[in-house]
Amino acid sequence: MRLTVVAIALGLVALASGAYYPASQPVTGVKYADKDFLFKQKFFFEVLRNIHLPLQFEEYFPYTKSYVTDESKYVNYQEVVEFFNYYKAGFLGKGELFTIYSQEYMKQTYLLFTFFYNSVDFDTFYKNVVWARENVNEGMFIHAVTMAVFHHPQLKGFVLPAIYEIYPYYFFNTDVIHSVTFRKLYDQKFGFVSNGKYNVVYSNYTATYPVEYYGEDKLSYFTEDIGLNAYYYYFMMDYPYFVGTDKFNLYKDRRGELYLYMYQQLIARYYLERQANFLGPIEEFDYDFPLKTGYWSKLSYYNGIPFFVRNDYYSVSKDFYYQVNLLKDYELRIRQVIDKGYYYLEDGSKIDLRKPESVEYVGNMIFANPDSVDKDYFGYLEIVARQLYSGGEKFFKYFPSALMHFETSMRDPFFYQLYNRFLTFYYQFKSYLQPYTYEELYFKGVEIKSVVFDKLLTYFEYYDSDVSNVVPFKSSSDKFFDFSVFARQKRINHKPFSYTLDVFSEFAGKGVVRVYMGPKFYDFKQLQYLKKYFVEVDQYLYDFVTGKNTIVRNSRDFYYSVRDRTTYTELYKKIMTAYNGGEKFILDNSEAHCGFPDRLLLPKGLPSGYEMTFYFIVTPYYAPKVQQFSTYDYTYSCGVGSGSKYIDDLPFGYPFDRDIDFSYFYTKNMYFKDVLIYHTDEFKANFSY
C-alpha cells in the first residue's frame with residue numbers, strides 16, 4: 001500500500017470541489033524522506049501513541065516538565081504570552097472530557113495551536129509539543145497538533161496516523177473497546193505478531209443492536225463509516241471554524257463557498273444513500289416542536305462515560321429556550337440580508353449580494369468563521385444548534401453528544417437534518433442569481449457523442465483497523481513493531497469501474513470535464529429540484545484534439561477520491577526501518593487526508609440494479625486566478641491556504657448551482673447517462689494478515 005505524506009482521509013468530489021489531488025497526476029521522479037524528515041516523522045507517531053498514558057520514550061523525558069519561555073524562540077511572542085497567561089489561569093485538565101464546540105475549550109485549543117504555530121524552529125516546536133503532551137488535555141492536544149501539522153508551512157508533508165487509530169473511542173462502539181481490553185487481560189499474547197489472526201475483535205454498527213431510528217438504522221454502514229467520519233474531521237481541521245484572517249490565508253481557497261459546497265455535497269451523498277435504501281426525503285424539523293429523531297451512538301469516552309443520548313421526540317428544556325430564540329434571530333437576520341441583496345459594513349462599504357462571487361460572504365456569514373463580515377450580528381448558528389440538541393450546557397460539557405465532536409457528528413441523523421436546513425440560505429442566495437445563459441453553458445464546437453460504463457457493482461467486505469491505542473502498553477519503540485490489535489468491521493465498497501467518453505471537437509485545446517452522479521428522474525423538469533442532490537464525482541483538464549476524442553477513465557483515478565490508509569503500526573514500522581538505514585520512505589499523497597474514500601463513491605446498489613443518472617459536461621478552460629499547483633507541491637501536500645487548489649475558476653457545482661432555464665439548458669457539450677448499480681451479498685475479505 002502506498003504511503004501518504006500528509007495525513008489522513010478526507011474528501012469526495014467536490015465535497016470541496018477541485019480541491020483534491022489525483023493519484024494519477026503525473027509526478028516527476030520519486031521523492032524520498034531524508035534522515036531529518038524521518039526523525040521528525042518518528043516524533044509525531046510516538047507522541048500520539050497511547051495518548052492517555054505518559055510518554056514511553058526516554059528521549060522525551062527531559063522536556064515534559066516545562067515549555068520554552070525564551071522570547072527569541074517565537075515568531076509572535078505576544079500570542080505566546082496570551083497562551084501562557086490563559087494556561088496559568090486554568091486550562092481544561094488532563095482526563096476531562098473535551099469538545100471543540102464549547103467556546104471556552106475552543107479558545108484554549110486555538111491558543112495552544114498558536115503556541116505551537118509560533119515556534120521559530122522545529123527544536124522549539126518539538127520541546128513544546130512534548131511538554132503539552134504531558135500537561136494539556138488529551139483531546140485538546142490532538143486537535144492542536146493536527147492543526148499545527150496541517151497549517152504550519154514548515155510541517156507540510158508530514159504523515160499523522162489516521163484519527164480513528166489515534167483515538168478509536170470516537171469511531172468504534174463500546175463493545176469493541178471492552179472486548180479489546182478484556183482480551184488483553186486474560187491473554188498476554190494478544191496483540192503480538194506471534195498470535196497471528198487471533199489479534200482481531202469484530203466490530204458492529206449501531207444498527208446491529210435492537211434500536212431503530214425511523215429507518216435511519218439502515219444507513220449505519222454509511223453514517224458510521226470510519227473513512228467518512230475521518231473525512232469530515234480532516235476537512236474541519238483544514239478549515240477550522242475558529243481560524244482565519246490573513247495569517248492563515250484560508251480565504252484564498254474560496255473558503256465561504258467551499259464550506260457551503262462541502263455541506264451541500266455531503267447532504268447530496270447522504271440523500272442518495274437514503275434513496276438506495278428506500279427511505280424518504282431528509283426529515284425537516286422546527287425549533288418550536290419536539291425533534292422526532294433521537295440518537296444513541298453506543299460510543300463511550302475512554303473513562304467509560306457514555307455519549308449523551310438524545311431521546312426520540314426530544315424537547316428543549318425551558319432553561320434553554322433563550323437559545324431557541326437566538327437561533328430564530330440569527331436565521332431571520334441572514335434571510336433578511338439575502339432577500340435585501342446587500343449589506344453595509346462598519347466602514348460604510350457595501351456588499352452586493354446579487355453578484356455570484358458574493359457567495360463567499362454568505363458562506364462565511366452562515367458559519368461565523370473569523371473571515372465573516374459580522375459574526376456577532378449573524379451569530380453562531382452551528383455552535384448554538386449543536387449545543388441545544390446535545391442537552392444544553394448542563395450536559396454538553398460533562399458528557400458531550402456525538403454532535404459535539406468533528407469525529408462523530410456524521411453518525412447522528414440529526415446532523416443531516418440540521419445542515420440541510422442551513423443550506424436553505426445557500427439555495428436562497430443562488431435563487432436570486434440569473435440562470436446561466438446559453439452562451440455560458442454551451443461550448444461551441446464540442447459535442448459529447450456517447451458514454452459507456454462498465455458494470456457498476458457494490459458489495460460488503462470486512463476491513464481491519466488498528467485499534468492498538470486503546471490497550472495500555474508500556475514498552476520501548478522496538479516492541480511497537482510487533483504489537484497491533486485490529487477491529488474487523490463490515491463496510492461498503494465497489495468494484496473498480498471505467499467509463500468511456502466519446503467527444504467530438506472542432507478545435508484543439510484545453511477543456512474541463514465534470515462528472516456528476518444523481519437520482520434518476522423521469523421528467524426533465526424534475527431536475528430543477530433534484531439538481532441539489534447531484535454529487536460531483538470527477539473533474540479533470542483534458543487536451544482535446546480536432547475530431548474524435550475517446551477518454552477512458554477508471555474510478556481509481558477520479559480526482560477527489562483517495563485510497564485506504566496504511567495502518568498506524570505498519571507506517572511506524574516503515575518509518576523506523578528507513579530511520580535505521582533500511583528501505584527508504586517514499587513521499588506520496590495517494591492516501592492524502594484531503595480526499596473522499598474511494599470505496600464510498602457509489603451508493604449501495606440492488607441485486608436487480610438501482611437506477612441512477614450520471615451527468616457529463618465539457619466546458620472551456622477558464623484559468624483560475626492562481627494556476628493550479630503553482631504555489632505548493634501536490635505530491636505531498638493538500639495545499640490548504642495556497643489559493644492554487646482548483647482546476648478552473650468556475651463556481652463550485654456548476655452548472656447545477658443556479659436555477660435552470662429548460663428552454664436552452666441541454667446543450668451538445670452535456671450528456672445524461674442512466675445506469676444501474678448492482679449489489680452482491682458475497683463478502684470479500686480485506687484482512688490485515
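I looked up Phe629 and found that it is buried, at a relative accessible area of 15% (buried means under 20%, exposed over 50%, partly exposed in between, with a 1.4 Å probe and protein chains only). Phe629 has a positive phi of about 70° although it is not a glycine, and it lies in the loop between E15 and E16.

The model is predicted: local features need pLDDT of at least 70, side-chain atom pairs count only at pLDDT 80 or more, and totals for chains, interfaces and linings use all residues. Residues are numbered from 1 along each chain as its sequence is written, and side-chain values use heavy atoms, with hydrogens and water left out.

I then checked the loop between strand E15 (610-620) and strand E16 (670-686) for Pro655, which is found there. The peptide bond from Tyr654 to Pro655 is cis, with omega near 0°.

I next turned to Asn50, in the loop between helix H1 (35-47) and H2. Asn50 is not a glycine, yet its phi is positive, about 45°. Its relative accessibility is 4%, so Asn50 counts as buried.

Last, I examined helix H3. Eleven of its 15 residues are buried, so H3 is largely enclosed by the rest of the structure. Among the buried residues are Tyr105, Met106, Phe113 and Tyr117. I noted that their cover includes helix H2 (77-90), helix H4 (122-135) and helix H5 (138-151). Helices (H or I, at least four residues) and strands (E, at least two) are DSSP runs, numbered from the N terminus.

Conventions
Contact = heavy atoms within 4.5 Å.
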